[in-house]
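Subject: Two-chain model for you

Hi,

Here is the model I promised to pass on. Could you load it and keep it open while you read my notes?

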Amino acid sequence: MKSALMKFLWWFEHRLELRKTIWPVMRHPIPRDLRTQVGWLYVFGSTAMTLFVLQIITGIGLGMVYVPSAGEAYESLEHINYEVELGWMLRAIHNWSANGMVVLVVVHMTQVFLMGAYKYPRELTWIIGVLLLLLTVGMAFTGQVLRWDADSYWGLGVGVAMIGRIPWIGPQLVELLMGGPTMGADTLSRFFALHVFIIPGILFVALGIHLYLVVRKGISEPPVPSEPVDPATYVEKYEEKLKTGDPFFPDVFLRDAVFIGLTLLVVVGLSAILGPKGPSAPPDPTLMQVEPLPDWYFLPLFAVLALSPPSLETAIILIAPVIIVAALFLVPIFSGKGQRSPRRRPVAVLAVILFLLCYCVLWQLGVQEPWSPHMSAWSGEPVPESMIKGRSPKQLQGAAILQEKTCRNCHALDGRGGQRGPDLTDVATRLTRDQLVRQVIQGGGNMPAYGKEMNRDEVDALVSFLETLKPDGYAAAESSVVTDRSD
Amino acid sequence: MNTASDDQQANPNATTRRTFMEWCSWLILGVGSVATAIPILGFFLGPVIKPKSDEWVDFGPLDEFPEQMTRLVDVLNPLRGPNDGMTGKTAAYVRRIEGEKFQIFSPHCTHLGCPVSWFQESGLYMCPCHGGVYYEDGAHASGPPPRGLYEFKYRIDQGRLMVLLGHLPTLQDPGSAESTGKTA
């Protein structure tokens with residue numbers, strides 16, 4: 001029986017000759033230095049690739065039930081969530097695996113950068129890797145669009161508005177991207193084609209080249225400060241190391257196997273516990289009561305768009321991405337040799353820390369979005385009781401005006417309400433009566449002017465109330481200019 | 001078997017004949033490729049080659065719009081396609097100043113296109129995304145928007161308010177009240 005099976009297999013091997021082609025590739029030698037704990041830093045690339053494969057498998061599954069039509073996509077998502085057997089789980093895995101892929105690609109890239117693995121002779125591997133990062137981000141954005149809900153719809157609108165700012169050809173590019181003059185069926189179908197055919201196709205080819213280069217040029221050895229990269233001698237030294245190397249499969253691969261297995265468990269665990277993302281509200285262009293938020297990886301960009309000075313904004317939107325991407329591509333061209341160890345490359349380490357700090361701070365701001373008015377605060381957040389206790393009728397009228405004129409959408413009382421303007425809980429310690437009147441009527445410092453929306457008595461009542469807003473025992477603000485009111 | 005140089009020795013004219021045939025081969029491949037590429041490229045560039053123009057939409061009789069009030073009107077987008085579903089709808093804020101004087105605003109924030117909400121109480125439009133705020137007349141009040149709200153062209157036709165709209169307004173291709181080339 002056994003010999004019959006062997007005979008059967010040999011029949012194929014005789015024709016395929018895999019032992020001469022694939023097997024040596026799988027057994028390609030890896031420097032012995034990876035045997036120490038540092039070897040655990042070499043598992044991120046293979047895990048990111050595994051999640052890509054998982055994306056393809058779950059993506060094919062979703063492709064069988066998702067309807068890429070603007071009129072039906074939303075309902076088909078609900079159908080997948082609630083009616084298709086395990087549809088919710090497939091959507092959840094696709095979502096969490098996508099998140100994991102974005103994270104791992106960035107972690108992999110950071111590790112390669114910090115360990116100088118992009119230097120000679122692996123520059124092209126890095127450059128293709130940057131392309132893979134861009135394609136991954138492209139997959140993330142187009143995937144977000146296919147989740148055809150209000151967040152996705154208006155998020156796409158933001159993307160369209162950004163592209164519309166490109167000088168001269170902006171409007172044409174917008175129509176090309178939308179497939180017409182509006183965001184509708186042709187737009188969704190376009191993004192379906194991008195997400196399912198175009199970007200994965202390019203990703204496949206780029207990944208193939210990336211892997212080819214990884215195998216041809218070998219896994220980089222862990223950096224040693226005393227051994228900077230000299231293109232004249234590097235290859236010779238490296239090949240010397242390989243003579244005592246370990247075969248990739250199965251020896252070195254065991255670490256990848258462990259990390260891949262754990263990652264899959266995390267992805268499946270998160271999917272089972274937290275479930276799929278959305279769809280949120282339907283993508284109805286006539287529903288104004290939405291507060292669109294991008295997926296988490298784009299939150300820092302969301303913050304940048306809110307915080308940029310308006311005069312520089314178009315430049316920031318259009319030029320900064322070009323500079324950042326160009327810098328990433330050119331890293332190995334400008335520092336393709338020399339020191340690899342992060343211990344001797346303080347600028348590289350600082351660059352990573354600075355990037356992480358900026359990303360995290362902007363991300364945190366993106367989560368809080370203090371610049372956005374709280375649309376329902378004026379009717380949903382009452383004035384705290386302590387602030388109206390014992391007030392005169394006029395002051396109470398002022399408190400009512402504060403609510404009715406939607407001031408609370410931007411101004412908090414006792415921490416509740418919008419954060420776009422200052423919290424008014426102790427405004428009377430900061431502004432005098434005259435300053436309050438001027439601020440309400442004329443606005444300024446990012447506040448609209450309310451002069452046309454309120455009559456004299458309303459302003460008077462509102463300011464009378466605001467004057468009471470100071471903690472017990474604090475003095476009211478005093479004008480630095482002495483005004484003579486005797487006449 | 002004859003090679004090119006054998007031919008040349010045997011018959012000098014063969015070279016020119018062979019060269020001619022070579023060029024013809026390339027030419028046929030080229031013409032065939034271009035003939036195939038033109039319609040395909042045309043298809044991909046279709047939205048730009050033949051852009052659709054905005055169209056007049058009936059917003060209803062004038063008495064549905066009280067003077068000195070602003071209200072949101074939902075309509076079907078005249079440029080919608082057969083599969084657009086709810087995305088084939090569109091909306092505009094109608095402000096009736098007095099008599100036949102109107103302002104029709106696109107709800108898309110001029111900063112990055114998010115939908116602005118109208119607050120009659122304070123006479124302000126507020127954007128939920130990046131905090132843009134506009135006055136009742138569409139002028140920029142606060143926040144990052146680079147200009148006031150986009151406006152649509154309107155006319156009164158037999159006691160009904162007609163509005164010219166369709167395309168998604170963006171900074172360089174604003175609403176029909178301003179854009180020149182794209183309106184019908």
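This is a predicted model: local features need pLDDT of at least 70, side-chain atom pairs count only at pLDDT 80 or more; totals for chains, interfaces and linings use all residues.

Residues are numbered from 1 along each chain as its sequence is written, with chains lettered from A and ligands numbered from 1 in the order in which they are written.

**Domains**

Chain A splits into domain 1 (1-27), domain 2 (31-368) and domain 3 (377-466); domain bounds here come from an automatic or database domain assignment. The centres of domain 1 and domain 3 of chain A, taken over C-alpha atoms, are 81 Å apart. Chain B has domain 1 (4-46) and domain 2 (55-165), and their centres, again over C-alpha atoms, are separated by 58 Å.

**Where the chains meet**

On the chain A side 55 residues are in contact with 49 residues of chain B (contact: C-beta atoms, placed from the backbone, within 7 Å). Helix 7 (150-163), helix 8 (170-178), helix 9 (185-217), helix 12 (299-307) and helix 13 (310-334) of chain A each put at least two residues into that side. Helices (H or I, at least four residues) and strands (E, at least two) are DSSP runs numbered from the N terminus, by the way. Helix 8 of chain A gives the largest share, seven residues. By class, the side of chain A that touches chain B comes to 27 nonpolar, 16 polar and 12 charged residues. For the classes, Ala, Val, Leu, Ile, Met, Phe, Trp, Tyr, Cys and Pro count as nonpolar, Asp, Glu, Lys and Arg as charged, and the others, Gly among them, as polar.

**Two helix pairs in chain A**

Take helix 3 (residues 44-63) and helix 5 (residues 87-114) of chain A: their axes come within 8 Å and cross at roughly 155°. Axes are lines fitted to C-alpha atoms, for helices over the stretch in contact, and angles run from 0 to 180 degrees between N-to-C directions. Helix 3 and helix 5 of chain A are therefore roughly antiparallel (under 35 degrees is roughly parallel, over 145 roughly antiparallel, 65 to 115 roughly perpendicular, the rest oblique). The crossing of helix 3 and helix 5 of chain A is left-handed, meaning the near helix is turned anticlockwise from the far one by less than a right angle; clockwise would be right-handed. The contact of helix 3 with helix 5 of chain A has 13 nonpolar, 11 polar and one charged residues.

Then look at helix 18 (residues 433-442) and helix 19 (residues 456-466) of chain A, whose axes come within 10 Å and cross at roughly 130°. That makes helix 18 and helix 19 of chain A oblique to each other, and their crossing is right-handed. Helix 18 of chain A contributes R433(A), L436(A), V437(A), V440(A) and I441(A), and helix 19 of chain A contributes V459(A), L462(A), V463(A) and L466(A). Sorted by class, the residues of this contact are eight nonpolar, no polar and one charged.

**The sheet in chain B**

Chain B has an open sheet of six strands in the order 1-10-9-4-3-2, with antiparallel pairing (strands pair if DSSP finds at least two bridges between them). Strand 1 (55-61) and strand 2 (69-76) of chain B are at the edges with a single partner strand each, so one side of each has no neighbour in the sheet. From one strand to the next, the twist averages 30°.

Strand 1 and strand 10 (residues 160-165) of chain B pair over five bridges, with W56(B) opposite L164(B). Strand 9 and strand 10 of chain B also pair over five bridges, and D157(B) has R160(B) as its bridge partner. Their hairpin has two residues between the strands, and Q158(B) there takes a positive phi near 50°. Strand 4 (residues 101-105) and strand 9 (residues 151-157) of chain B pair over two bridges, where F105(B) stands opposite E151(B).

**Backbone spots in chain A**

- Y120(A) and P121(A) are joined by a cis peptide bond, omega about 0°; P121(A) is in the loop between helix 5 and helix 6 (123-146) of chain A.
- The bond from F249(A) to P250(A) is cis too, omega near 0°, and P250(A) is in helix 11 (residues 248-274) of chain A.
- N446(A) is not a glycine, yet has a positive phi of about 80°; N446(A) lies in the loop between helix 18 and helix 19 of chain A.

Cheers

How values were computed
Two residues are in contact if their C-beta atoms, placed from the backbone, lie within 7 Å.
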